Amino acid sequence: VQLANATPSLTKAKNDMLLAKSALKMALGISPDRDLSIRGGLEYTPYDITLEEAHITAAEKRSELHRLAYEIKTFKSYVDVAKKEMLPQLSLHGSYSYANDGLSTDGEAEWDYSWNLGLSLDYKLFDGWEKSSRVEQNRKDLSAATIKREETASMVKLEVETAFAWLGEARELIRSQEKNIENAERAFAIAETGQLNGVISQLELMDAQLALTEARSNYKQAVYDWLIARVQLEKAMGIVMDESSPPLVGGE
């Protein structure tokens, strides 16, 4: 009965492996017919970071926050330019020349220097509210960009806090599964001793071995959840996986 119950799980695991390889090939853009050699494994490596540090990193690394900051800066410049266009324009102009204004056929004409200097003030009394409308429109664009950045910052903050919570939950699950493995290993060692002394049957020994295998499998699942939570946190912070950590999966 146990064998019959375990067979579907084995079949599902094999199918999941094939689907995972196909999805990986598609993500990498390689031929579906190409063989993959998976190396490495599900290994737990501590990742110490505080929630405050995660928020600071996200504020520094998330590209959309930088893009919106540049948009705000640009719209502020537009507002300033539009305001300046409403001001009177004072112009200073001048010239300095050396010329001959006379025409003479009986001798050399007389040349002389001349200069002029002028000051002009240009101000439109009425332009159909064109400039004031431009200022108001730029202010609205600036306000919209500011609101959008605040909303995006709140969304990023929520993503970081959610991923950080998942990471903490996965860390606690790993610790509990480590204890389960210790207990299962101790129980299996006791069962082996009992079986050698004839006080425990072979079936009971196999049950203890199965419990140990399941504990190790649950631990690997916890490590998998930890790695996914870590990647989600790094994605929320806008960074790539720490280069100092070993690769999780490699292929050739």
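**The model and its overall make-up**

This is a predicted model, in which local features need pLDDT of at least 70, side-chain atom pairs count only at pLDDT 80 or more, and totals for chains, interfaces and linings use all residues. Residues are numbered from 1 along each chain as its sequence is written, and side-chain values use heavy atoms, with hydrogens and water left out.

The protein has five helices and two strands, and from the N terminus their order is α-α-α-β-β-α-α. Both kinds of element are DSSP runs numbered from the N terminus: H or I over at least four residues for helices, E over at least two for strands.

Of the 252 residues, 20% count as buried; here buried means under 20% relative accessible area, exposed means over 50%, and partly exposed lies in between, using a 1.4 Å probe and protein chains only. The accessible surface comes to about 18800 Å², and carbon and sulfur atoms account for 56% of it. That area comes from the Shrake-Rupley method with a 1.4 Å probe. Among contacts (heavy atoms within 4.5 Å) between residues at least 6 apart in sequence, 73% join residues at least 24 apart.

| Helix | Residues in helix | First to last C-alpha | Expected span |
|---|---|---|---|
| α1 | 27 residues | 39 Å | 39 Å |
| α5 | 36 residues | 52 Å | 52 Å |

**Where α2 meets α5**

Two packed helices are described by the angle between their axes and the distance between the axes. For helix α2 (residues 51-61) and helix α5 (residues 202-237), the angle is about 50° and the axes are 7 Å apart. The axes are lines fitted to C-alpha atoms over the stretch in contact, and angles run from 0 to 180 degrees between N-to-C directions. The two helices are therefore oblique to each other, the class left over once angles under 35 degrees are called roughly parallel, over 145 roughly antiparallel and 65 to 115 roughly perpendicular.

On the α2 side, A54, T57, A58 and K61 take part, and they meet L233, A236 and M237 of α5. By class, this contact has five nonpolar residues, one polar and one charged. Nonpolar covers Ala, Val, Leu, Ile, Met, Phe, Trp, Tyr, Cys and Pro; charged covers Asp, Glu, Lys and Arg; the others, Gly among them, are polar.

Helix α4 (residues 130-196) holds Q177, which counts as buried at 11% relative accessibility. Leaving aside residues up to four places away in sequence, Q177 touches A215, N218, Y219 and A222.

A170 is also in α4 and is buried, with a relative accessible area of 5%.

The C-alpha atoms of E172 and A222 are separated by 9.2 Å, across 50 residues of chain.

In helix α1 (residues 2-28) we find K25, buried at 13% relative accessibility. Beyond residues up to four places away, K25 touches I30, S31, P32, D33, R34 and L36. The C-alpha atoms of K25 and L36, eleven residues apart along the chain, are separated by 8.4 Å.

Key. Expected span 1.5 Å × (residues − 1).
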